[in-house]
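These are my notes from a first pass through a structure that was new to me. I wrote down what I looked up, in the order I looked it up.

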Amino acid sequence: MVILKNSLSFMLILLFLAACNSNSETTGSNNNEENENNEQANIEGDLSFYTSQPDEDAQKLVDAFNGVYPDVNVEIFRSGTEEVVSKLLAENQAGEVQADVLLVADAVTYENLKSEDLLLPYKSEEASEIPEAFVDKDEMYTGTKIMATVLAVNTEKVTDLPDSWSVLTSEEAKEQSVMPSPLYSGAAAYNLGVLTRNDEFKWDFYNGLKANDVMITEGNGAVQQAVAAGEKSYGIIVDYLVARAKAEGSPIDLIYPNEGVPVITEPIAITKNTKNEAAAKAFVDFVLSEEGQQLAAEIGYTPIRKGIDAPEGLKTIEELKVLDADLSEMYKARESDKEQFSNLFGDH
């Protein structure tokens, strides 16, 4: 009887301890959720978001962010990278920068903004999952996606698909190609800097495009429309737009030429004089988070975060042959590059 009584007491003690432990875990879990909810509740107010992303994509990003932070009112200003930056610089000149968060084409643009002392240092915890090469060493900006510039073709007009950029300077492409202007598109300005510093291209490539009467249009979207509609047979364009149009049934395809491709990462940064630093940091964190990067993939971009697959039809950074050039040199020469382009093609 003594043994039975002791055993029963021992079992009761175990049950009591288990209940306490369960209570503690539940309380801990509840506390974590409560802390997270409190943290999100403290993120509120107005946030001004300047971007060169297409309107629809920028709105999807903002809507998803508001799903987590419903008390932040995000206002979007959207245009080509060059116009976005011109607006930002003009605001700075007037002493009243309106933007809180900036997401535009390429790292060279951000090097310019760094030199103007317009950016706030911030390294998101989410940046640990971004390849180091795409995180600014001064923690001023971080890449958000992988966007390669590729060759687009209209599959109804081109039956023998090329594998080289040289097709654009060939007789068959005479008056049949289109490209975005580096005076408007940040991606095109980056491409200009890279290609003219690459031995396989240099300015000879652009001279060949000029000789072939390439059509110059404002942005990548107009290139996609011209090729998909059959107005032009070939286009120079960022990859995701072609993949998206192809998936929607347009007679268009993308080719990663064998010489390689320039790649931009559409970095994100916070302006130095942001009026809502907490919300701006939360926005950056969200864009770089697993949820934000999954959203990027769903929209059709190649995510920059490790462990998330590229959308169908696009290549990951590991699969690409990347053409690049010295970032500092391209930053210093950007205006002179654009001036030389204008002298060659006119003010497109």
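Entry 1, a tyrosine pair. I looked up Tyr-240 and Tyr-301 and found that both are buried. The model is a predicted one. I then asked how far apart the centres of their rings are and at what angle the planes stand. The centres of the rings of Tyr-240 and Tyr-301 are 4.4 Å apart and the planes are at 50°, so the pair is tilted. I noted that the pair links distant parts of the chain, 61 residues apart. Tyr-240 is in helix H8 (residues 239-247), while Tyr-301 is in the loop between helix H10 (290-299) and strand E12 (302-303).

I also checked for charges at Tyr-301. The charged end of Lys-145 sits over the ring of Tyr-301, 4.8 Å from its centre. Arg-244 lies over the face of Tyr-301 too, at 5.9 Å from the ring centre.

I searched the whole structure for aromatic pairs and got twelve. I saw that ring pairs join Phe-201, Trp-203, Phe-205, Tyr-206, Phe-341 and Phe-345 into a cluster.

Leaving aside neighbours within four places in sequence, Tyr-206 is in contact with Met-179, Asn-191, Leu-192, Leu-195, Thr-196, Phe-341, Leu-344 and Phe-345. One of these, Asn-191, I placed in helix H5 (residues 186-195). Is Asn-191 buried or exposed? Its relative accessible area is 6%, so I put Asn-191 down as buried. With the neighbours within four places again left out, I listed Thr-149, Tyr-206 and Pro-262 as the contacts of Asn-191.

I traced an open sheet of five strands, in the order E2-E1-E3-E11-E4, with mixed pairing. Which strands stand at the edges? Strand E2 (72-78) and strand E4 (119-120) do; each has a single partner strand, so one side of each is left without a neighbour in the sheet.

E11 and E4 run antiparallel and are joined by two bridges. Leu-119 stands opposite Thr-271, and Leu-120 has Ile-270 as its bridge partner. E3 also pairs with E11 in the antiparallel sense, over three bridges. In that pairing I found Leu-103 with Ile-268 as its bridge partner.

I then looked at the two faces of E11. Both are covered: Ile-268 and Ile-270 are buried on one side, and Ala-269 and Thr-271 on the other.

Helix H2 (residues 55-68) lies across strand E1 (45-51) and E2, and I read its angle to E2 as about 170°. Helix H3 (residues 81-93) lies across E1, E2, strand E3 (101-103) and E11, running at about 130° to E1.

I looked up positive phi values. Glu-139 has a phi near 60°, although it is not a glycine. Glu-139 is in the loop between E4 and strand E5 (145-154), and its relative accessible area of 33% makes it partly exposed. Asp-213, likewise not a glycine, has a positive phi of about 55°. Asp-213 is in the loop between helix H6 (202-211) and strand E7 (215-217). At 40% relative accessibility, Asp-213 is partly exposed.

I also noted Gly-230, which follows helix H7 and has a positive phi near 85°. In helix H7 (residues 220-228) I listed the buried residues as Asn-220, Val-223, Gln-224, Ala-226, Val-227 and Ala-228.

I counted eleven helices and 13 strands in the protein chain. Of its 348 residues, 51% are buried. Among contacts between residues at least 6 apart in sequence, 78% join residues at least 24 apart.

Note on methods. Residues are numbered from 1 along each chain as its sequence is written. This is a predicted model: local features need pLDDT of at least 70, side-chain atom pairs count only at pLDDT 80 or more; totals for chains, interfaces and linings use all residues. Side-chain values use heavy atoms; hydrogens and water are left out. Contact means heavy atoms within 4.5 Å. Two strands pair if DSSP finds at least two bridges between them. Helices (H or I, at least four residues) and strands (E, at least two) are DSSP runs, numbered from the N terminus. Axes are lines fitted to C-alpha atoms, for helices over the stretch in contact, and angles run from 0 to 180 degrees between N-to-C directions. Rings of Phe, Tyr and Trp (its six-membered ring) pair if their centres lie within 6.5 Å; planes under 30 degrees apart count as stacked, over 60 as edge-to-face and the rest as tilted. Buried means under 20% relative accessible area, exposed over 50%, partly exposed in between (1.4 Å probe, protein chains only). A charge sits over a ring if NZ of Lys or CZ of Arg is within 6 Å of the ring centre and within 35 degrees of the ring normal.
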